[in-house]
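Colleague: I have a new model open and want to learn how to read it. Can we go through it feature by feature?

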Amino acid sequence: MTNGGVPPATPGAAITAAGAGLQGVSTQLGSVAQAVASGSLTLSQDAASALLGTIGQLHDQANDLISLADTIDQPLHFGHNWVGVAMDSQLRAVAAGKDSSIRPVLVEFASLLGEVEATIARAANLTVSNDEQQRQLLINTGGA
């Protein structure tokens, strides 16, 4: 919802707002990826496993919705009058139309979830790498 809790006037406006929201998420994800790359953000294997399980489920659901959007681009048969034809056209456009449909937003969302998964995995690998480095340092200094 936008405008102080007032829902967008049309489905197209809601889709546009959702797409714009994903741009902000992408920017924030870039900041997190930089923190992971610098080593300032790490995750334990347990935390990463839990997060990857949840994000993986969301990623699967997003891909299922993309597939559904691809299959819904069929005549809906609301009737052979102007109202039925107009409803059919509008609903199909929102679900599976070109750039103004929900499909490009779902594709972007799935892509971002893939990036989140990769970032989590890198953060967990950094933890493993750092743990291994610390273990090796202890062994080399005779502490283990």
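Colleague: In which helix does A14 lie?

Modeller: A14 lies in helix α1, residues 11-38. Helices (H or I, at least four residues) and strands (E, at least two) are DSSP runs, numbered from the N terminus. One caution: this is a predicted model, so local features need pLDDT of at least 70, side-chain atom pairs count only at pLDDT 80 or more, and totals for chains, interfaces and linings use all residues. Residues are numbered from 1 along each chain as its sequence is written, and side-chain values use heavy atoms, with hydrogens and water left out.

Colleague: How many helices and strands are there in the chain?

Modeller: Four helices and zero strands. From the N terminus on, the order is α-α-α-α.

Colleague: Is A14 buried, partly exposed or exposed?

Modeller: Start with the cut-offs. Buried means under 20% relative accessible area, exposed over 50%, and partly exposed in between (1.4 Å probe, protein chains only). A14 has a relative accessible area of 34%, so A14 is partly exposed. Across the chain, buried residues make up 19% of the 144 residues.

Colleague: Which residues does L22 touch?

Modeller: Contact means heavy atoms within 4.5 Å. Not counting residues up to four places away in sequence, L22 touches V105, E108, F109 and L112. L22 lies in helix α1. L22 is buried, because its relative accessible area is 12%. Take V105: 83 residues from L22 in sequence, with 8.1 Å between the C-alpha atoms. For the whole chain, look at contacts between residues at least 6 apart in sequence: 68% of them join residues at least 24 apart.

Colleague: Which residues make up the largest nonpolar core?

Modeller: General idea: in soluble globular proteins, nonpolar side chains tend to be buried together. A nonpolar core is a set of buried Ala, Val, Leu, Ile, Met, Phe, Trp, Tyr and Cys residues joined through side-chain atoms within 4.5 Å. Here the largest has twelve residues: V36, L43, A48, I55, A62, I66, L106, A110, L113, I120, A123 and A124. Two elements give two or more residues to this core, α2 (45-71) and α4 (102-141). The most come from α4, with six. A second, separate core has five residues, including I15, L22, L29 and L112.

Colleague: What is L106 in contact with?

Modeller: L65 and I66, leaving aside neighbours within four places in sequence.

Colleague: Is T119 buried or exposed?

Modeller: T119 is buried, because its relative accessible area is 6%. T119 is placed in helix α4. T119 touches L29, V32, A33 and V36, leaving out residues up to four places away in sequence.

Colleague: Which residues form a nonpolar patch on the surface?

Modeller: Patch residues have over 30% relative accessible area and no salt bridge; like charges are joined within 9 Å, nonpolar side chains (Val, Leu, Ile, Met, Phe, Trp, Tyr) within 5 Å. A salt bridge is a side-chain nitrogen of Lys or Arg within 4 Å of a carboxyl oxygen of Asp or Glu. Here F78, W82, V83, M87 and L91 form the patch, with about 540 Å² of accessible area together. Accessible areas come from the Shrake-Rupley method with a 1.4 Å probe; for residues, only the protein chains shown count as cover. M87 is in helix α3, residues 82-96, and is partly exposed at 39%.

Colleague: And D88: buried or exposed?

Modeller: D88 counts as buried, at 11% relative accessibility. D88 is also in helix α3.
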